[in-house]
There are 2 protein chains.
Amino acid sequence: MTHFPEPGAAYRARLDARAGRLAGPTANIAPGHVQANLAILPAGVAADFLRFCQRNPKPCPLLAVSEPGDPSLPGLGRDIDVRSDIPRYRVWRDGELVDEPTDVRDLWRDDLVAFLIGCSFSFEEAMLENGLPVRHIEQGCNVPMYRTSIPTLPAGPFQGPLVVSMRPLKAADAIRAIQVTSRFPSVHGAPVHLGDPAEIGIADIGRPDYGDPVEIRAGEMPVFWACGVTPQSVVAAVRPAFCITHAPGHMLVTDLLNSRMAVL
Amino acid sequence: MTHFPEPGAAYRARLDARAGRLAGPTANIAPGHVQANLAILPAGVAADFLRFCQRNPKPCPLLAVSEPGDPSLPGLGRDIDVRSDIPRYRVWRDGELVDEPTDVRDLWRDDLVAFLIGCSFSFEEAMLENGLPVRHIEQGCNVPMYRTSIPTLPAGPFQGPLVVSMRPLKAADAIRAIQVTSRFPSVHGAPVHLGDPAEIGIADIGRPDYGDPVEIRAGEMPVFWACGVTPQSVVAAVRPAFCITHAPGHMLVTDLLNSRMAVL
């Protein structure tokens, strides 16, 4: 049994989401707390997806997996109900987005398994605390993300290219960012590449496949981290009969502390 | 009082140097043991040089400083006599190289202070253990070193540019090398730069200021570490009335273990 501090901002955010008082993005909500990506899959493909995450821990760092049919996540926080505690969901049928509700209690089934996957918010907080710039935060836009030529290790039907996020840094800052983010293996960890985008199959750094382009200034190089969009794109390609994810930017706010995710 | 394992290959190497049986370079002697650069200076400038090292720990990681006039170094190993236990020395008068003896007992004075400074052999061993290539070892030549536009912090008469060593690596290997060498802050630690040499004032990567050029292959980038030649070049520029250093490649083999230098 994991013990957590007294209910604080993270718990209140979940109760607000549950009550319908919070339906927007979770950036800057409960600073210091780990936020998580969500994928809910039927048991029929859940075992394959779990194996996929195990084989690809950099893009798919699993924070928790629910028991089939059980919407609680005792490892992530007090009294969590994964069906209601996220501000907005996306419901997919046969690979098509069919709804964006604020609650999925009416869709819950005994065979569903919830996967909670680490998010770059955690290591970006550590970068900012170290005085490192995070360009998309400075520019007030989404992080640029790119499909690469780096394959993931397949499991069952799940396969596809690694997706990376990019943050431009000066060389000395890139070295420090590698040190800082290496401490967070459970939230993507160290970068997977830096420098020439073409080496990992990115043709045009100015045209990300997801998110927004950001400015790369003189003396800066692009630095690439494995991205939690990888499992989302892999799931989307499989077009499972039924799937629920969080809406982009609308994450599960957990009771875990980012600072406690650092292994060093 | 530091305790060491039973006298082994390191102690035997020092006894061989002391007896005149070892007068060559120390590369590959007593693998696993820390080797150290030497600078011996008169007390008049020793305090300034100590302050210089304190202010510039990346190029000048001090492993030990002797008491004035005392040739022992109890922190570095059993029964060390710094006047005889290095295979070959260089003696400098007014900045001019005047001799390369295998023993400096006859030159020892009560006001001399010995500075022992960490060496990249330690982190290169860790790189090789991690399966990372070290090009100058592959090519059987000296590491390429470059004067940069990065200033050191001056102390008394000691000042001058940072000198760096360079090892070419693929991006993913560079990221791993940053992780590996970050564990060794007492032997230069993490790189100071990677990528474009011009950003740190290196005009021609093919023409190092010290050592030998090495091949940079397609898909590789130069990675730069602060180098122990920095204090040597800074001392040389001051042209002290009297100074003793080790001859290049002829290091003090200590009883310290490289693996024990890792902070993590």
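Predicted model: local features only at pLDDT ≥ 70, side-chain atom pairs only at ≥ 80, totals over all residues.
Visitor: Which element gives the most to the lining of the largest pocket?
Guide: The lining is made up of 49 residues, with B:C119, B:F121, B:N142, B:G249 and B:M251 nearest the centre of the pocket. Elements of chain B that give two or more residues include β1 (33–42), α3 (121–129), β7 (161–170) and α6 (229–238). The most, five residues, comes from α6(B).

Visitor: How many charged residues does the lining of the largest pocket have?
Guide: Sorted by class, the lining has 23 nonpolar and 22 polar residues. The charged class counts Asp, Glu, Lys and Arg. In this lining the charged residues number four.

Visitor: Which strands stand at the edges of the four-stranded sheet in chain B?
Guide: This open sheet has antiparallel pairing and the order β6-β7-β9-β8. An edge strand here has a single partner strand, so one side of it is left without a neighbour in the sheet. The strands in that position in chain B are β6 (145–151) and β8.

Visitor: Which residue in β9(B) is the bridge partner of B:H193?
Guide: β8(B) and β9(B) run antiparallel and are joined by two bridges. B:H193 has its bridge partner in β9(B), and that residue is B:F224.

Visitor: Is B:I205 buried, partly exposed or exposed?
Guide: B:I205 sits in the loop between β8 (193–194) and β9 (220–226) of chain B. Buried means under 20% relative accessible area and exposed means over 50%. At 24%, B:I205 is therefore partly exposed.

Visitor: At about what angle to β7(B) does α3(B) run?
Guide: In chain B, α3 lies across two strands, β7 and β9. The direction of α3(B) relative to β7(B) is about 10°.

Visitor: Over how many bridges do β7 and β9 of chain A pair?
Guide: Chain A has an open sheet of four strands in the order β6-β7-β9-β8. Within it, A:S165 stands opposite A:W225 in β9(A). Strands β7 (residues 161–170) and β9 (residues 220–226) of chain A pair in the antiparallel sense, and the number of bridges is seven.

Visitor: Which helix of chain A packs on that sheet, touching β6 and β7?
Guide: The helix covers residues 229–238, and its direction makes about 155° with that of β7(A). One of the strands it touches, β6 (145–151), is an edge strand. The helix is α6 of chain A.

Methods: Residues numbered from 1 in each chain as written. Chains lettered and ligands numbered in written order. Heavy atoms only, no water. Buried < 20%, exposed > 50% of the residue type's maximum accessible area, 1.4 Å probe, protein only. Pairing = 2+ DSSP bridges. Contact = heavy atoms within 4.5 Å. Axes fitted to C-alpha atoms, helices over the stretch in contact; angles between N-to-C directions. 1 Å grid on protein atoms, 1.4 Å probe; cavity = no way out; pocket = protein on both sides within 12 Å on 5 of 7 lines; lining within 4 Å.
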